[in-house]
Amino acid sequence: LLGRARLTVLHNPFQFFSDVKKAQAIWKKMSGLLPPGSLVVASPPLSEQLAQAEDPVAEDEWVESLDVEYPVADDLDDEHADEEGRLYTSVRLYKVKKKL
(Lines give C-alpha, C1' and ligand atoms only; values in the text may rest on other atoms or scores of the structure.)
Protein backbone atom coordinates (compact mmCIF):
# COMPACT_ATOMS: atom_id res chain seq x y z
CA LEU A 1 0.00 0.00 0.00
CA LEU A 2 2.75 2.48 0.92
CA GLY A 3 4.56 1.69 -2.31
CA ARG A 4 1.63 3.16 -4.26
CA ALA A 5 0.79 6.05 -1.94
CA ARG A 6 0.56 9.52 -3.35
CA LEU A 7 -0.05 11.07 0.05
CA THR A 8 0.93 9.77 3.47
CA VAL A 9 -0.14 11.46 6.70
CA LEU A 10 2.05 10.87 9.76
CA HIS A 11 0.68 12.28 13.00
CA ASN A 12 2.82 11.15 15.94
CA PRO A 13 3.23 7.81 14.17
CA PHE A 14 5.68 5.89 16.32
CA GLN A 15 6.71 7.90 19.38
CA PHE A 16 4.10 6.55 21.75
CA PHE A 17 3.77 2.88 20.89
CA SER A 18 7.15 1.56 19.80
CA ASP A 19 10.63 1.46 21.22
CA VAL A 20 13.58 3.03 19.42
CA LYS A 21 14.65 -0.16 17.62
CA LYS A 22 11.16 -0.80 16.26
CA ALA A 23 10.79 2.84 15.22
CA GLN A 24 14.13 2.69 13.40
CA ALA A 25 13.06 -0.41 11.50
CA ILE A 26 9.74 1.19 10.56
CA TRP A 27 11.38 4.41 9.32
CA LYS A 28 13.90 2.46 7.25
CA LYS A 29 11.12 0.34 5.74
CA MET A 30 8.92 3.36 5.01
CA SER A 31 11.77 5.35 3.43
CA GLY A 32 12.34 2.40 1.09
CA LEU A 33 8.67 2.06 0.14
CA LEU A 34 7.24 5.55 -0.43
CA PRO A 35 7.54 6.38 -4.12
CA PRO A 36 9.51 9.39 -5.33
CA GLY A 37 7.20 12.34 -5.94
CA SER A 38 4.71 11.29 -3.29
CA LEU A 39 3.78 13.74 -0.54
CA VAL A 40 4.14 13.33 3.21
CA VAL A 41 2.23 15.45 5.71
CA ALA A 42 3.86 15.15 9.12
CA SER A 43 3.19 16.47 12.58
CA PRO A 44 5.46 16.93 14.39
CA PRO A 45 8.06 17.67 11.69
CA LEU A 46 10.06 14.71 10.40
CA SER A 47 13.24 16.12 11.91
CA GLU A 48 11.73 15.74 15.40
CA GLN A 49 10.28 12.31 14.71
CA LEU A 50 13.50 10.97 13.22
CA ALA A 51 15.56 12.42 16.08
CA GLN A 52 13.40 10.53 18.59
CA ALA A 53 14.25 7.36 16.70
CA GLU A 54 17.94 8.31 16.74
CA ASP A 55 17.97 9.35 13.05
CA PRO A 56 17.62 5.99 11.27
CA VAL A 57 17.34 7.69 7.84
CA ALA A 58 18.86 10.85 6.38
CA GLU A 59 15.93 13.25 6.06
CA ASP A 60 17.69 15.53 3.55
CA GLU A 61 18.44 12.57 1.25
CA TRP A 62 14.93 11.14 1.50
CA VAL A 63 12.56 14.11 1.38
CA GLU A 64 12.39 17.76 0.41
CA SER A 65 10.55 20.15 2.70
CA LEU A 66 7.92 22.16 0.80
CA ASP A 67 6.75 25.65 1.69
CA VAL A 68 3.34 25.93 3.28
CA GLU A 69 1.35 29.12 3.67
CA TYR A 70 0.00 28.88 7.20
CA PRO A 71 -3.14 30.77 8.23
CA VAL A 72 -2.82 33.52 10.82
CA ALA A 73 -4.78 33.38 14.06
CA ASP A 74 -7.39 36.03 14.75
CA ASP A 75 -6.45 35.84 18.42
CA LEU A 76 -2.73 35.87 19.32
CA ASP A 77 -3.58 33.86 22.43
CA ASP A 78 -4.74 30.96 20.25
CA GLU A 79 -3.11 27.80 21.62
CA HIS A 80 -2.31 26.61 18.09
CA ALA A 81 -0.53 29.83 17.05
CA ASP A 82 3.23 30.15 17.02
CA GLU A 83 5.10 33.26 18.20
CA GLU A 84 4.29 35.00 14.89
CA GLY A 85 0.60 34.16 15.11
CA ARG A 86 0.71 31.47 12.40
CA LEU A 87 -1.49 28.45 12.99
CA TYR A 88 -0.54 24.77 12.90
CA THR A 89 3.13 25.30 12.02
CA SER A 90 3.95 21.90 13.52
CA VAL A 91 2.28 20.39 10.43
CA ARG A 92 4.84 20.12 7.62
CA LEU A 93 4.68 19.05 3.99
CA TYR A 94 7.40 17.04 2.27
CA LYS A 95 7.99 15.55 -1.17
CA VAL A 96 9.81 12.22 -1.39
CA LYS A 97 13.00 12.63 -3.44
CA LYS A 98 14.01 8.97 -3.63
CA LYS A 99 13.65 5.62 -1.95
CA LEU A 100 16.42 4.85 0.50
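Predicted model: local features only at pLDDT ≥ 70, side-chain atom pairs only at ≥ 80, totals over all residues.
This tour moves from the whole chain to one pair of aromatic rings.

**The whole chain.** Along its principal axes, the C-alpha trace spans about 40 × 30 × 25 Å.

**Helices and strands.** Next, switch to a cartoon display. The chain contains 3 helices and 4 strands.

**Contacts.** Then display the contacts within the chain. Of those with a separation of 6 or more, 73% are between residues 24 or more positions apart.

**Surface and interior.** Buried residues account for 36% of the 100 residues in the chain.

**Charged side chains.** Colour the side chains by charge. There are 12 positive and 18 negative side chains. The centres of these two sets are 18 Å apart.

**The aromatic pair.** How many aromatic pairs does a search of the whole structure find? The search finds 1. Select W27 and W62 to view this pair: the ring centres are 6.2 Å apart and the planes stand at 75°, so the pair is edge-to-face. An angle over 60 degrees is what places a pair in that class. W27 belongs to helix α1 (residues 20-33) and W62 to helix α3 (residues 59-62), so that the pair links distant parts of the chain, 35 residues apart.

Are W27 and W62 buried or exposed? W27 is buried, at 1% relative accessibility, and W62 is buried as well, at 0%.

Note on methods. Residues numbered from 1 in each chain as written. Heavy atoms only, no water. Helix = DSSP H or I, 4+ residues; strand = E, 2+ residues; numbered from the N terminus. Buried < 20%, exposed > 50% of the residue type's maximum accessible area, 1.4 Å probe, protein only. Contact = heavy atoms within 4.5 Å. Lys, Arg positive; Asp, Glu negative; His and termini not counted. Charge placed at Lys NZ, Arg CZ, Asp CG, Glu CD. Phe/Tyr/Trp six-rings, centres within 6.5 Å; stacked < 30°, edge-to-face > 60°.
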